[in-house]
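Dear colleague,

Please find below the structure that I am handing over to you. My notes on it follow.

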Amino acid sequence: MPPLSHRTVVDLPTPALRGARPAPLTAQHVPEALATGPITRLVDRHGRTVRDLRLSVTDRCNLRCTYCMPAQGLQWLPTPDLLTVAELARLARLAVEHLGVERVRLTGGEPLLRRDLEEVVAAVAGLRTRSGAPVDVGLTTNGLGLDKRAAGLREAGLGRVNISLDSLDPVEYAAVTRRDRLDDVLRGIAAAQEVGLSPVKINAVAVAGALEERAPRLLAQCLRSGWQLRFIEHMPLGPRETWRPQEVVGRDEVLRVLERAGFELAEIGRPDRRPATLWRVAAGEGAYGAYPGGSVGIISSVTAPFCSDCDRTRVTADGRLMTCLFSSRETDLRAPMRQGASDEEIMRIWAQATWGKPLAHGTDEPWHAPDGFERPSRTMSAIGG
Ligand code: SAM
Ligand code: SF4
């Protein structure tokens with residue numbers, strides 16, 4: 001086994017994708033069908049079809065995770081700029097009932113900071129996909145206050161929940177999030193499980209420095225508790241100075257850390273075009289106690305991006321459509337909605353913008369990004385992760 005280092009240099013991948021430089025989208029690039037024909041789905045010029053909508057309900061947050069936000073927070077959007085429940089519900093309805101979206105995930109910022117979140121969930125959960133199936137409604141949250149809201153959210157129709165938790169050590173948790181709130185999060189996770197939100201997934205960002213300590217303990221606890229743990233590679237979507245390509249802890253290093261701690265892993269693959277690659281974990285016993293068998297996921301957006309079959313579209317809390325997390329192109333859906341645009345008009349704007357979705361991270365303007373990643377103008381919390 002090679003010696004472990006916290007700072008592993010990774011080769012950033014996919015030069016073939018990154019070499020491509022799509023022409024800027026102009027009216028003449030939009031096919032005739034999208035200009036005048038009926039709009040029935042969201043498809044881009046690289047042949048990918050959108051099935052997953054990430055709807056951000058706020059840009060505000062009560063934590064200050066180091067990889068996401070500066071310590072002082074950000075300039076929040078004024079409340080009137082946020083999409084209302086009716087506007088969020090309208091976009092979700094168009095996406096699910098008319099444009100082929102099958103999954104809607106509510107995110108932020110911290111979505112629990114919206115007091116009317118239950119209303120949003122109820123409006124989305126009542127929708128049926130074009131095949132008549134109920135839409136899959138999920139929430140990505142830091143879990144603060146979830147203990148008091150889980151039952152109401154479940155009742156409103158929420159199906160599943162992803163909760164961010166980077167460490168089980170209160171001091172480390174506070175160092176990452178800049179707030180001493182570990183107990184609150186653990187209460188939130190317990191409540192989610194109790195009311196039957198399923199699966200409960202735990203998101204942990206694999207940040208250089210403390211993975212060897214955090215990761216095995218977190219995995220052992222998640223296996224014992226029935227939570228599905230997924231490590232996310234650190235992306236350049238937080239404060240600029242907090243990300244350097246040579247410090248990215250890639251999938252291989254996460255696996256090495258877990259294997260060195262005694263976990264026996266066998267690759268399962270990437271089910272359903274979901275972002276996480278899964279590994280089966282055999283039952284065992286290690287420094288962090290005994291654990292049953294289960295699985296662990298790694299989302300390797302940096303070292304092995306899944307852009308070629310990305311099926312997502314994102315709408316920010318102020319109603320800007322972002323076809324890619326890394327896109328510097330935004331399309332305003334809120335203004336046309338507030339100016340009285342018809343459903344047809346909104347869907348046409350959405351479909352035309354989707355046509356121009358970039359092929360992969362950084363391909364829009366690669367000459368601006370020596371590491372291959374063109375940073376969007378917004379950070380993760382303002383886009384909706
Ligand atoms: N506040 C909620 C939460 O933390 O779950 C929802 C919004 S947060 C932006 C969504 C996800 O993005 C979280 O799981 C968080 O860990 C992840 N995230 C934030 N900044 C990131 C970064 N620079 N790289 C990778 N993941 C990041
Ligand atoms: Fe807030 Fe989520 Fe960003 Fe942490 S990752 S600062 S909880 S938005």
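In these notes, two axes count as roughly parallel at angles under 35 degrees, roughly antiparallel over 145, roughly perpendicular from 65 to 115, and oblique for the rest. The axes are lines fitted to C-alpha atoms, for helices over the stretch in contact, and the angles run from 0 to 180 degrees between N-to-C directions. Helices (H or I, at least four residues) and strands (E, at least two) are DSSP runs, numbered from the N terminus.

This is a predicted model, in which local features need pLDDT of at least 70 and side-chain atom pairs count only at pLDDT 80 or more, while totals for chains, interfaces and linings use all residues. Residues are numbered from 1 along each chain as its sequence is written, chains are lettered from A and ligands numbered from 1 in the order in which they are written, and side-chain values use heavy atoms, with hydrogens and water left out.

Helix packing

Helix H3 (residues 85–98) packs against helix H11 (residues 343–355) at an angle of about 75 degrees, with the axes 11 Å apart. H3 and H11 are therefore roughly perpendicular to each other. In this contact (heavy atoms within 4.5 Å), Arg90, Leu91, Arg93, Leu94, Ala95 and His98 of H3 meet Asp343, Ile346, Met347 and Trp350 of H11. By class, six of these residues are nonpolar, one is polar and three are charged. For these classes, Ala, Val, Leu, Ile, Met, Phe, Trp, Tyr, Cys and Pro count as nonpolar, Asp, Glu, Lys and Arg as charged, and the others, Gly among them, as polar.

H3 also packs against helix H4 (residues 117–125), here at about 25 degrees and with the axes 9 Å apart. That angle makes H3 roughly parallel to H4. The crossing of H3 and H4 is right-handed; a crossing bears that name if the near helix is turned clockwise from the far one by less than a right angle, and is left-handed if anticlockwise. Val85, Leu88, Ala89 and Ala92 on the H3 side meet Glu119, Val120, Ala123 and Val124 on the H4 side. The contact of H3 with H4 has seven nonpolar residues, no polar ones and one charged.

Helix H5 (residues 146–156) and helix H7 (residues 182–194) pack at about 20 degrees, their axes 8 Å apart. H5 is thus roughly parallel to H7, and their crossing is right-handed. Leu146, Asp147 and Ala150 in H5 touch Arg187, Gly188, Ala191 and Ala192 in H7. Four nonpolar, one polar and two charged residues make up the contact of H5 with H7.

The sheet

Twelve strands form an open sheet of mixed pairing, in the order S7-S8-S11-S6-S5-S4-S3-S2-S1-S12-S13-S14. Strand S7 (265–269) and strand S14 (331–332) stand at the edges with a single partner strand each, so one side of each has no neighbour in the sheet. Two strands are taken to pair if DSSP finds at least two bridges between them.

Strand S3 (residues 136–141) runs parallel to strand S4 (residues 160–164), and four bridges join them; Thr140 stands opposite Asn162 in S4. Strand S6 (residues 228–233) pairs with strand S11 (residues 294–299) in the parallel sense over four bridges, with Val296 in S11 as the bridge partner of Leu229. Strand S8 (residues 277–281) pairs with S11 in the antiparallel sense over five bridges, and Thr277 stands opposite Ile298 in S11. Helix H4 lies across strand S2 (103–107) and S3, running at about 175 degrees to S2.

Loops and ligand

A cis peptide bond, with omega about 0 degrees, joins Ser198 and Pro199. Pro199 lies in the loop between H7 and strand S5 (200–206). Arg178, a residue other than glycine, has a positive phi, near 60 degrees, and is found in the loop between helix H6 (170–177) and H7.

Cys61, Leu63, Cys65, Cys68, Gly109, Asn142 and Ser381 surround ligand 2, where a residue is near a molecule if one of its heavy atoms lies within 4 Å of it. This shell divides into four nonpolar, three polar and no charged residues.

With kind regards
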